[in-house]
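Me: I would like to learn how to read the strands, cores and pockets of a model. Could you take me through one?

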Amino acid sequence: MKTLKFCLVFIALLTTQQSLAQKDSTLVFPDSAKVMNDLYFLSSDSLQGRKTNTEGNEIAQNFIIERIQKIGVSAYVQDYTQQFTFGKDTIPAVNILGFVEGYSGKHFIVISAHYDHVGMKDSTEIFNGADDNASGVVALLALAEYFRENQPENNLLFAFFDAEEMGLQGAKHFMQSVVMDTSRIKMNVNLDMVSRGDKNELYAVGTYFTPFLKPLITEASKDKSIKILFGRDEPKKKPNWVSASDHAPFHKAEIPFVYFGVDDHEDYHKITDTADKINPDFYLEAIRLIKDAIENFDANLGEIVYGK
Ligand SMILES: [Zn+2]
């Protein structure tokens with residue numbers, strides 16, 4: 001009897017440990033070491049500021065493609081790449097489009113982050129662009145990996161846009177191109193500068209146009225240590241970020257959008273926007289908040305309508 005009791009206790013202990021381990025594996029999103037490694041790599045001097053149509057930009061491209069391929073994200077276009085040119089000088093640029101199929105499979109949420117930055121000055125000063133926007137790109141990679149393992153209801157298109165710094169060219173091209181029927185896009189979630197925790201605040205911009213989104217974001221922020229702020233989207237009020245990044249072409253097409261980003265800081269568009277300035281606790285928590293918000297958007301997508 002004693003032995004049986006001991007066995008039962010032992011089995012009970014094992015089961016508890018196992019369920020704890022299972023719980024842990026869901027609690028460790030995102031993989032902090034991977035996130036910080038990726039961030040340091042994308043903002044390292046060797047990428048020379050990732051300016052569109054440079055060698056450093058191409059290194060970033062290859063890194064993103066290799067990673068999403070490894071994760072198992074499908075290519076939305078051949079080789080994941082949408083090549084285009086823009087401007088009088090027909091500058092070549094490349095968007096990277098990965099795709100996770102939802103189980104209902106009809107509509108799309110486009111989750112975007114620009115991977116280009118402003119490059120170098122006088123061939124000596126490197127603009128590393130750690131917060132702007134290696135942070136958004138790395139968050140997008142972590143989200144792609146999460147949703148690849150946790151299938152969403154709707155299709156998720158992961159858009160790594162190029163040439164944002166040259167006038168939102170990648171996002172504009174994507175919206176004008178024929179790669180997809182844009183009426184299937186029900187929402188855009190854009191990430192641009194999501195890692196600087198100087199004020200422990202993250203803005204969610206765009207709910208002025210689609211107020212239905214606000215409680216979904218508030219709910220996602222409830223158990224988080226960082227403060228979510230709304231606004232910067234009301235007409236005639238300054239500062240106004242409605243046209244500030246790649247969400248603008250979606251907004252123009254009257255597609256509901258949320259832009260996640262921190263306030264401008266002293267290192268914005270300076271050579272001092274480096275990875276060591278980033279507080280990992282804030283950054284990882286921001287990624288968790290955005291992931292939870294996307295899950296809420298996904299679960300309620302049918303009711304997310306521009307202007308409501
Ligand atoms: Zn940016």
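Reply: Gladly. Strand β4 (residues 108–114) and strand β8 (residues 185–191) pair in the parallel sense over five bridges. Helices (H or I, at least four residues) and strands (E, at least two) are DSSP runs, numbered from the N terminus, and two strands pair if DSSP finds at least two bridges between them. This is a predicted model, where local features need pLDDT of at least 70, side-chain atom pairs count only at pLDDT 80 or more, and totals for chains, interfaces and linings use all residues. Residues are numbered from 1 along each chain as its sequence is written, and side-chain values use heavy atoms, with hydrogens and water left out.

Me: Which residue of β8 is the bridge partner of Ser 112?

Reply: That partner is Asn 190. Ser 112 also stands opposite Ala 159 in β7, and β4 and β7 are paired in the parallel sense over seven bridges.

Me: Is β4 enclosed or open?

Reply: Burial tells you: buried means under 20% relative accessible area, exposed over 50%, and partly exposed in between (1.4 Å probe, protein chains only). Seven of the seven residues of β4 are buried, so the strand is largely enclosed by the rest of the structure. Phe 108, Val 110, Ser 112 and His 114 point one way, while Ile 109, Ile 111 and Ala 113 point the other way.

Me: How many residues of β3 are buried?

Reply: Eight of the ten residues of β3 (residues 91–100) are buried, so this strand too is largely enclosed by the rest of the structure. β3 pairs with strand β7 (residues 155–161) in the antiparallel sense over five bridges, with Leu 97 partnered by Ala 159. Strand β2 (residues 81–86) is also antiparallel to β3, over six bridges, and Gln 82 has Asn 95 as its bridge partner. β2 and β3 form a hairpin with four residues between them, and Gly 87 in the turn has a positive phi of about 80°. Strand β1 (residues 74–75) runs antiparallel to β3 and is joined to it by two bridges, with Ser 74 partnered by Phe 99.

Me: Which residues have the most contacts inside the largest nonpolar core?

Reply: A nonpolar core is a set of buried Ala, Val, Leu, Ile, Met, Phe, Trp, Tyr and Cys residues joined through side-chain atoms within 4.5 Å. The largest core has 66 residues, and Phe 260 and Phe 297 have the most contacts inside it. Helix α4 (residues 130–149) gives the largest share of this core, twelve residues. Apart from it lies another core of 15 residues, among them Phe 99, Phe 161, Phe 250 and Ile 255.

Me: How much space lies in the second largest pocket?

Reply: Rolling a probe the size of a water molecule over the atoms shows where empty space is left. On a 1 Å grid over the protein atoms alone, a pocket is an open set of points where a 1.4 Å probe fits, with protein on both sides within 12 Å along at least five of seven lines; lining residues have an atom within 4 Å of a point. Grid points are joined across faces, edges and corners, and a volume is the space filled by probe spheres set on the points. Here, the second largest pocket holds about 190 Å³. It is lined by 14 residues, and the closest to its centre are Met 193, Ala 244, Tyr 259, Asp 264 and Tyr 268.
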